[in-house]
Every structure is written in C-alpha cells, then in structure tokens.
Amino acid sequence: MEDILTVKELSKTYRNGRKALDNLNFNVYKGEILGFLGPNGAGKSTTINILSTLLKCDQGDIQYFNNSELTLKEVKQKLGIVPQELAIYEDDTAFQNVKFFASLYGVNKNEIDKKVEDALDKVGLQERRDDKASTFSGGMKRRLNIACAIVHNPELIIFDEPTVGIDPQSRNHILQSIQNLRQEGATIIYTTHYMEEVQAICDRVIIMDGGVILLNDNLNKILEDNSASQYAITTSLKISEEVLQKVNELEEVKSLELTDESTVVLDVEDNSSLNRVLEMLIENNVNIISIAVHQNNLEDVFLSLTGKKLRD
Ligand code: ADP
C-alpha cells in the first residue's frame, strides 16, 4: 500500500502550556477512507489543522504524497479541506461560490467552468447552481462547502465533522459523495462524532484521546477482535440460585448478571458458547421464553478504550 501521508512523532503544546498532541505516529494509505475518532479535547482538530498546514507542530515530521521534494504550495494544491465552519458567501450563487474557490486554487481558466459544474454535480447541487447560497438549507450549505473544497480535484481530502446537525437526506448525500470521491481515486480522512457513519464508510479507524493514539486498525479487524456477544435470557419462572451458580461455573461464561428475577444477562466467549448455556438451562428444566442478543459495535470498543461515550 502506498503512503499518501506519513506522520512521525508529531507533538504540539499550545502557548498556555496545554499539551494537545504527544508523539503521534500514523500513516494514511492511498485510496482509503480513514475515520478519525476521539472524545472532545482528544486532539483531533489540532491534528487536522496541522495536517491541513493551518497550524505548526512543535516537533515531528509529515511527509505528504510520498514525496519529500514537494513545496508547501504544491502540497496545498493536492489537499482538499472541508472545515466545520462554512466558508461560503450567502449572497453569491452556488456556481459563483465554487468558482471563487477554483480561482483561489489556481484552476486553469479554460477548465474552470467545467470543474465547477463537476464539483456541484458530485454533491448533488447541479440543479441549484444559479440559486443564492442564502436560499439553501443547512445541509445544502454544507454540500456547497464540500464542492468548494474539492473543485481542484485534490488527492487527499480532510473532512472535519461534515454532518453535524443536518437533515438525514443531506447526510446520506454527503456520505455517498465521500464514497464516490474515493471511487474516483481520492484518499479521505474523516472526523465525526457519529459511530454509525464510521461503520458505514471507513476502511480503517484511528481512535485518539489525551493527545495519543489508542487504536489504529482496520475496521473489520476491530469488530472481529471485539466480537464477544452479550445475551439476555428470560425464563418463565424465577431462576434458582442453584441453576445460576451452575451457569456461572461454565467455562464459556465470562460474566453473569441477574437484571430481574427471571432475566439473566451473560457475557460469553463467542457465539457458540450460547449453546452450552442453553443446554445447561434445559437440563435443569428451565423454561426459556426469549433470548436477546447484543453484538459489540464500534461504540462499545470506543467506550472500553476511552471510558467515555463519543458524544460526551
Ligand atoms: P478535539 O478536536 O479532539 O476536540 P482539540 O485538538 O481541539 O481536540 O484540543 C486538544 C487539546 O488542546 C484540548 O485540551 C484543548 O483544550 C486544547 N486546545 C485546543 N486549541 C487550543 C488553543 N488554541 N489554545 C490552547 N489550548 C488549546
């Protein structure tokens, strides 16, 4: 896999003495969608601002596009930054807004109109190209913001929480646009507070907190490694102490909790361990009336790593 970004020993302490990043090391691979997660204050914005060349680090080294010879200007031309704050002009049309950014990025005059059309098309705003941004919904403004950031066909696009507080239709549009951009060859770094978005679109996930990386792995691998399940088994009558004791002594049972007198919640090694538990209950004449399963998801992994919910 080709590195599009190589980050080595990155540290940043703000003037007030707050250490925001402490020796970060990670790579971004060409063509991937990398999810960047962390609770508030984790250091995500600081990292993103440094990668975007908006903020200087105190220590460390970033190599962009596998090429140490690139000038800062060349790097900026290959980068697309979608900031959280909207950077559009309300009184200008969608077309004029995107065209303004195209000229800022130095897009060739002969190609400019075509590129603006393409960018508007990618975010699904082609039909509204001649309407003023002030007439757009919040979600449409965010899509316009994205069009402005991608009009110069950047190779690496950094999204800073692009779906905060928008309607579901625009959210789906944005997630689809990101997948399309990757399909066309772009590499994506995506920060969000929404786990379900990461599970839907990311290939790899970095979870950080307190300025350090806690986890950096392939999403499927993370989910596989944390695939333990929890089962809530409800029975028709009160479960006796004796039966509970027997279940608890099974090797496959990691923990057990009685949530009411006829429902027991179990953490088991893997899905096949449930069979052993059920056998034991049936052997002891327990009448099972329901089994509910809770499969660990990324939110559970995040909680166990950071001790926090992502939206805390
Ligand atoms: P996140 O984006 O994950 O919420 P940030 O990168 O914004 O985290 O912040 C990381 C840490 O750096 C926090 O403790 C925050 O208070 C601190 N911080 C962020 N920006 C500044 C700043 N401009 N001056 C001083 N401290 C800052």
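Visitor: Why is Asn285 called exposed?

Guide: Its relative accessible area is 71%. Exposed means over 50%, buried means under 20%, and partly exposed lies in between, with a 1.4 Å probe and protein chains only. Asn285 is therefore exposed, because 71% is over 50%. Before we go on, please note that this is a predicted model, where local features need pLDDT of at least 70, side-chain atom pairs count only at pLDDT 80 or more, and totals for chains, interfaces and linings use all residues. Residues are numbered from 1 along each chain as its sequence is written, and side-chain values use heavy atoms, leaving out hydrogens and water.

Visitor: Where is the place of Asn285, and what is its phi?

Guide: Asn285 is in the loop between α10 (273–283) and β13 (288–295). Its phi is near 60°, a positive value in a residue other than glycine.

Visitor: What makes Asn153 partly exposed rather than exposed or buried?

Guide: Asn153 has 41% relative accessibility, so it counts as partly exposed. Asn153 lies in the loop between α5 (138–150) and β6 (156–160). Its phi is positive too, about 50°, although Asn153 is not a glycine.

Visitor: Let's turn to the ligand. Which residues surround the ligand?

Guide: They are Tyr14, Asn16, Arg18, Ala20, Pro39, Asn40, Gly41, Ala42, Gly43, Lys44, Ser45 and Thr46. A residue counts as near a molecule if one of its heavy atoms lies within 4 Å of it. Helix α1 (residues 44–51) gives the largest share of this shell, 3 residues.

Visitor: How do the residues of the shell around the ligand divide into nonpolar, polar and charged?

Guide: There are 4 nonpolar, 6 polar and 2 charged residues. Ala, Val, Leu, Ile, Met, Phe, Trp, Tyr, Cys and Pro count as nonpolar, Asp, Glu, Lys and Arg as charged, and the others, Gly among them, as polar.

Visitor: Why does Thr192 count as buried?

Guide: The relative accessible area of Thr192 is 1%, so Thr192 is buried. Thr192 lies in the loop between β7 (187–191) and α7 (195–201). Its side chain reaches the backbone nitrogen of Tyr194 at 2.9 Å and makes a polar contact with the side chain of Glu197 at 3.1 Å.

Visitor: Which residues are buried in helix α9, and how do you know that they are on the same side?

Guide: In α9 (residues 241–248), the buried residues are Val243, Leu244 and Val247. They cover an arc of only 100° around the axis, so they sit on the same side of α9. The arc is that of the directions from the helix axis to the C-beta atoms. The face turned away from the buried side carries the exposed residues Glu241 and Glu242.

Visitor: Into which domains is the protein divided?

Guide: They are domain 1 (3–224) and domain 2 (228–295), with bounds that come from an automatic or database domain assignment. Their C-alpha centres lie 46 Å apart.

Visitor: What makes Glu224 exposed and Ser229 buried?

Guide: Glu224, in helix α8 (residues 219–225), has a relative accessible area of 58%, so it is exposed. Ser229, in strand β10 (residues 229–235), is at 1% relative accessibility and therefore counts as buried. Ser229 and Gln295 are 66 residues apart in sequence and 4.9 Å apart in space, C-alpha to C-alpha.

Conventions:
Helices (H or I, at least four residues) and strands (E, at least two) are DSSP runs, numbered from the N terminus. A polar contact is a pair of N or O atoms within 3.5 Å; within protein, one must be able to donate a hydrogen and the other to accept it, and residues adjacent in sequence count only if both atoms are side-chain atoms.
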